[in-house]
Amino acid sequence: MKAKLVDNDADLHQILAIQKENHLDSVSITTKKEKGFVTVKHDFETIKKLNAKAPQIVVSNGVEIVGYALVMLKECKGLIPVLVPMFTLFESIQYKGRNLSELNYYVMGQICIADGYKRKGLFEKLYLKHKEVYSKQFDYCITEVSSSNTPSMKAHEKVGFKTIYTFCDTTDEWHVLLWDWHS
């Protein structure tokens, strides 16, 4: 299995297919608890714009994409309206005495592994590729994970993410997670 940067529209379509299969509206309660889920749906034009700003990272089995980890630059926050409040929240959170808005970071827009490929080290492989590609440009990778998504919380912590803030909204309790690449 190889992690790589997205360089064609076919890869983007495969990301959307995996996303659809793993969206919280598409999976059972048991699957949510045992394997995790994603909460945001993208359309092709949006993911294409995200990829034009910063190449997305995927993992392939040699034939098809079996996992992805989306890069979302701060300048792209308006592309996905449901995520604008997240970016607004980030402006008020502090890390090491500084507001996140002052820090050099990007957002992990979403990470997901196709069913049948989970728990095979691909989550870590995707994040290590992120670090390889983006740690020269950015100091931090930040994301939000639902408290009810226990598999995702555990996997992020294993990679090196730390919870820096927790909050509740109308849908769930959320952890703002930060991976400090230079500590």
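This is a predicted model: local features need pLDDT of at least 70, side-chain atom pairs count only at pLDDT 80 or more; totals for chains, interfaces and linings use all residues.

Biologist: Why is Lys-96 called exposed?

Modeller: The label exposed requires over 50% relative accessible area. Lys-96 has a relative accessibility of 60%, so it counts as exposed. Lys-96 sits in the loop between strand 4 (94-95) and strand 5 (98-99).

Biologist: What is the phi of Lys-96?

Modeller: The phi of Lys-96 is near 55°, a positive value in a residue other than glycine. Most residues other than glycine have a negative phi.

Biologist: How do you know that Arg-119 belongs to the exposed class or to the buried class?

Modeller: Arg-119 has a relative accessible area of 66%, and the cut-off is over 50%, so Arg-119 is exposed. Its phi, near 60°, is also positive, again in a residue other than glycine. Arg-119 lies in the loop between strand 6 and helix 5.

Biologist: What makes strand 3 (residues 65-72) a mostly covered strand?

Modeller: Buried means under 20% relative accessible area. Eight of the eight residues of strand 3 are buried, and the strand is therefore described as mostly covered.

Biologist: How do you know that strand 2 (residues 57-60) and strand 3 pair, and in which sense?

Modeller: Pairing requires at least two bridges. Strand 2 and strand 3 have four bridges, so they count as paired, and the sense is antiparallel. Within this pairing, Val-59 has Gly-67 of strand 3 as its bridge partner. The hairpin of strand 2 and strand 3 has four residues between the strands, and Gly-62 takes a positive phi near 100° there.

Biologist: How many bridges join strand 3 to strand 6?

Modeller: Six bridges join strand 3 to strand 6, and at least two are required, so these strands also count as paired. They run antiparallel, and Val-71 has Met-108 of strand 6 as its bridge partner.

Biologist: Which elements supply at least two residues of the lining of the largest pocket?

Modeller: Among them are helix 2 (29-35), helix 4 (84-90), strand 6 (105-113) and helix 6 (150-159). Helix 6 gives the largest share, eight residues. The pocket holds about 1200 Å³ of space. It is lined by 48 residues, and those closest to its centre are Phe-37, Val-145, Asn-149, Ser-152 and His-156.

Biologist: What is the make-up of that lining by residue class?

Modeller: The lining of the largest pocket divides into 22 nonpolar, 14 polar and 12 charged residues.

Methods: Residues are numbered from 1 along each chain as its sequence is written. Side-chain values use heavy atoms; hydrogens and water are left out. On a 1 Å grid over the protein atoms alone, a cavity is a set of points where a 1.4 Å probe fits but cannot get out, and a pocket is an open set with protein on both sides within 12 Å along at least five of seven lines; lining residues have an atom within 4 Å of a point. Grid points are joined across faces, edges and corners, and a volume is the space filled by probe spheres set on the points. Ala, Val, Leu, Ile, Met, Phe, Trp, Tyr, Cys and Pro count as nonpolar, Asp, Glu, Lys and Arg as charged, and the others, Gly among them, as polar. Buried means under 20% relative accessible area, exposed over 50%, partly exposed in between (1.4 Å probe, protein chains only).
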